[in-house]
Amino acid sequence: METASGLFYRNGVRAVGMEQIVAESGIAKTTIYRHFETKDALIEAFLQKEDAEFWAQWDAVVGDASGLEALDRLSLWIGNRVRRDGYRGCPQLNLAAEYADESHPARIVARAHKAEMFRRLSLLCAGQGGTDADEQAMRIALFFDGVFMSGGRLNDRDAPELVRRAVRRLAAP
């Protein structure tokens with residue numbers, strides 16, 4: 001799983017074949033297929049792993065904060081996240097772009113991930129007493145998706161602060 005995850009994230013899932021995963025992991029193809037019936041099942045497991053890690057980090061960043069304080073913390077975290085070495089964008093968005101079929105397991109996991117982000121942002125926006133928390137949350141979710149796909153354009157800037165200031169504007173009633 002670790003080898004496949006690294007390859008999928010760095011190269012895109014369609015560019016990675018099972019033979020490459022076998023060669024780099026040293027694990028026999030039959031062993032991989034014993035755990036993952038198809039490549040699509042392995043892709044789905046990769047995306048679920050990414051999803052769980054993302055939400056664990058989100059929860060740690062937010063901690064006991066709410067409302068604007070929580071949004072500030074998330075903004076700073078996301079601003080730093082996109083500047084990491086080797087950052088290639090949001091895995092859910094990357095996979096959704098690779099697969100047009102809405103019923104593909106990767107698209108289903110990606111859709112659930114984005115719905116969860118909206119749900120969490122809606123709760124945070126409602127916690128700051130805005131008049132339309134869902135609209136505020138949608139603005140921020142769309143902005144976060146753009147930040148995740150910024151392709152290194154924020155590397156030479158104070159990305160955490162830029163993201164924080166923008167989210168404060170988007171969170172305004």
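Predicted model: local features only at pLDDT ≥ 70, side-chain atom pairs only at ≥ 80, totals over all residues.
Student: Which pattern does the protein chain follow when read along the sequence?

Tutor: The protein chain has nine helices and zero strands, and its C-alpha trace spans about 55 × 35 × 30 Å along the principal axes. Read along the sequence, the pattern is therefore written with helix symbols, by the DSSP runs that define helices and strands. That pattern is α-α-α-α-α-α-α-α-α.

Student: How much of the protein chain is made up of buried residues?

Tutor: A residue counts as buried when its relative accessible area is under 20%. The protein chain exposes about 9000 Å², of which carbon and sulfur atoms supply 52%. Among the 173 residues in the protein chain, the buried ones make up 44%.

Student: What covers the buried residues of α1?

Tutor: Helix α1 runs over residues 2–11, and within this helix Ala4, Ser5, Gly6, Leu7, Phe8 and Tyr9 are buried. After α1 comes Gly12, with a positive phi near 90 degrees. The cover over the buried residues of α1 includes α2 (18–25), α4 (39–62) and α6 (91–98).

Student: Which element gives the most to the lining of the largest cavity?

Tutor: The structure holds one cavity of 30 Å³ or more, and about 50 Å³ of space lies in the largest cavity. Its lining consists of Phe8, Tyr9, Gly12, Val13, Phe46, Arg88, Pro91, Asn94, Leu95 and Glu98, and the elements that give two or more residues to this lining are α1 and α6. By class, the lining of the largest cavity has six nonpolar, two polar and two charged residues. The element that gives the most, with four residues, is α6.

Student: Which element gives the most to the lining of the largest pocket?

Tutor: About 200 Å³ of space lies in the largest pocket, and of the 15 residues that line this pocket, the closest to its centre are Tyr9, Glu50, Arg81, Arg84 and Tyr87. The lining of the largest pocket has six nonpolar, four polar and five charged residues. At least two residues of this lining come from each of α4 and α6, and the element that gives the most, with four residues, is α4.

Student: How many disulfides does the structure hold?

Tutor: A disulfide calls for a pair of cysteine sulfur atoms within 2.5 Å. For Cys90, the nearest cysteine sulfur is that of Cys125, 19 Å away, and Cys90 is in no disulfide; Cys125 likewise is in no disulfide. Both cysteines are buried, Cys90 at 4% relative accessibility and Cys125 at 0%. The number of disulfides in the structure is zero.

Student: Why does Arg164 count as buried?

Tutor: Arg164 lies in helix α9, which covers residues 159–171. Leaving out residues up to four places away in sequence, Arg164 touches Asp72, Ser75 and Leu76. The cut-off for buried is under 20% relative accessible area, and Arg164 counts as buried because its relative accessible area is 18%.

Student: Is Leu142 buried or exposed?

Tutor: Leu142 lies in helix α8, residues 133–148. From Phe118, Leu142 is 24 residues apart in sequence and 9.3 Å apart in space, C-alpha to C-alpha. A residue is exposed when its relative accessible area is over 50%, and because Leu142 has a relative accessible area of 55%, Leu142 is exposed.

Student: How far apart in space are Ala41 and Pro105, C-alpha to C-alpha?

Tutor: Ala41 has its place in helix α4, and at 24% relative accessibility Ala41 counts as partly exposed. In sequence, Ala41 and Pro105 are 64 residues apart. In space, the C-alpha to C-alpha separation of Ala41 and Pro105 is 7.6 Å.

Methods
Residues numbered from 1 in each chain as written. Heavy atoms only, no water. Buried < 20%, exposed > 50% of the residue type's maximum accessible area, 1.4 Å probe, protein only. Contact = heavy atoms within 4.5 Å. 1 Å grid on protein atoms, 1.4 Å probe; cavity = no way out; pocket = protein on both sides within 12 Å on 5 of 7 lines; lining within 4 Å. Points joined across faces, edges and corners; volume = space filled by probe spheres on them. Nonpolar A, V, L, I, M, F, W, Y, C, P; charged D, E, K, R; others polar. Areas by Shrake-Rupley, 256 points an atom, 1.4 Å probe, with all protein chains shown as cover.
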